[in-house]
Amino acid sequence: MEYKRYDNDIVLRLDKSDEILSSIAKIAETEDVKAASFTGIGASDDIDVGIFSIEKSTYEKFHYEGNHEITSLTGNITTADNKPYIHAHITCADKDGKIVGGHLLKGNISLTCEIFIHILDCRVKRKYDPQTNINKFDF
C-alpha cells in the first residue's frame, strides 16, 4: 500500500494481498480523517459481501474467489467510538462477465486497486439505531 495526500484528497494504491477496508481505515486513522467519500477500481481474488436482510436484521453473506475485476468500489468514512468507520459497497465481474456485489465485508487485492479519497471539512459520527439494527449518521 502506498498513498499520497494532496490537500483534501488522498490517492491510494493497494497492492497484492492488501485488504481494502483495513487499508482505508489505517489511512483514515493516520491522516485523522473524520468524514470522506471514496471511489476505486482494481482486481480482487477473495471477496466477502453482504446483502442486509431487513427481516433477519443481519447480513446474508456471500464469498467469491478467483479473478474478479473491481468495476466499482464506493463508500464513505465516518467515525464510531472515535475510530474510523468504513462503509463500502463493491461491484465485481468474474472471468465470464458475471457481476457480483453488495456491502463489502472483506476484499483482498490480487493485482492492484486505485482509490481516490475526498476528505470533507467536518466530522460525521455513527450511532446505533435499534429500530433498524444499523449504524446511522448522527449529526
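This is a predicted model: local features need pLDDT of at least 70, side-chain atom pairs count only at pLDDT 80 or more; totals for chains, interfaces and linings use all residues.
Start with the strands. Strand β3 covers residues 36–53 and strand β4 covers residues 58–80; the two run antiparallel and are joined by 16 bridges. At one place in this pairing, Ser53 faces Thr58 of β4. The hairpin that β3 and β4 make has 4 residues between the strands. Ser57 in this hairpin has a positive phi, near 60°.

Strand β4 also pairs with strand β5, which covers residues 83–93. Here 11 bridges connect the strands, and they again run antiparallel. Asn76, for instance, has His87 in β5 as its bridge partner. The hairpin of β4 and β5 has 2 residues between the strands. In this turn, Asp81 has a positive phi of about 55°.

Next come the cysteines. A disulfide is a covalent bond between the sulfur atoms of two cysteines. The count of disulfides in this model is 0. Take Cys92 as an example: the nearest cysteine sulfur belongs to Cys113 and is 9.2 Å away, and Cys92 is in no disulfide. The cut-off for a disulfide is 2.5 Å between the sulfur atoms, so a pair must lie within that distance to count. Cys92 has a relative accessibility of 1% and is therefore buried. Cys122, in contrast, is partly exposed, with a relative accessible area of 39%.

The aromatic rings are the next topic. A pair of aromatic rings is described by the distance of the centres and the angle of the planes. The model has 2 aromatic pairs. One of them consists of Phe52 and Tyr59, with 5.1 Å from centre to centre and 75° between the planes, an edge-to-face arrangement. Phe52 is partly exposed at a relative accessible area of 26%, and Tyr59 is partly exposed at 29%. Phe137 and Phe139 also form a pair: their ring centres are 5.8 Å apart and their planes are at 75°, so this pair is edge-to-face. Phe137 is partly exposed, with 41% relative accessibility, whereas Phe139 is exposed, with 82%.

Last come the charged side chains. Side chains of opposite charge can pair when their charged atoms come close. There are 8 salt bridges in the structure. One joins Arg5 to Glu31, with 3.1 Å between the closest N and O atoms. Arg5 is partly exposed at 33% relative accessibility, and Glu31 is partly exposed at 21%.

Another salt bridge links Arg13 with Asp15, whose closest N and O atoms are 2.7 Å apart. Arg13 is partly exposed, at 34% relative accessibility, and Asp15 is partly exposed, with a relative accessible area of 24%. Arg13 and Asp15 also belong to a network of salt bridges that includes Glu2.

The hairpin of β3 and β4 has 4 residues between its strands, and a salt bridge is found in this part of the sequence between Lys56 and Glu60, at 2.9 Å from N to O. Lys56 is exposed, with a relative accessible area of 56%, and Glu60 is partly exposed, with 32%.

Terms used:
Residues are numbered from 1 along each chain as its sequence is written. Side-chain values use heavy atoms; hydrogens and water are left out. Two strands pair if DSSP finds at least two bridges between them. Buried means under 20% relative accessible area, exposed over 50%, partly exposed in between (1.4 Å probe, protein chains only). Rings of Phe, Tyr and Trp (its six-membered ring) pair if their centres lie within 6.5 Å; planes under 30 degrees apart count as stacked, over 60 as edge-to-face and the rest as tilted. A salt bridge is a side-chain nitrogen of Lys or Arg within 4 Å of a carboxyl oxygen of Asp or Glu.
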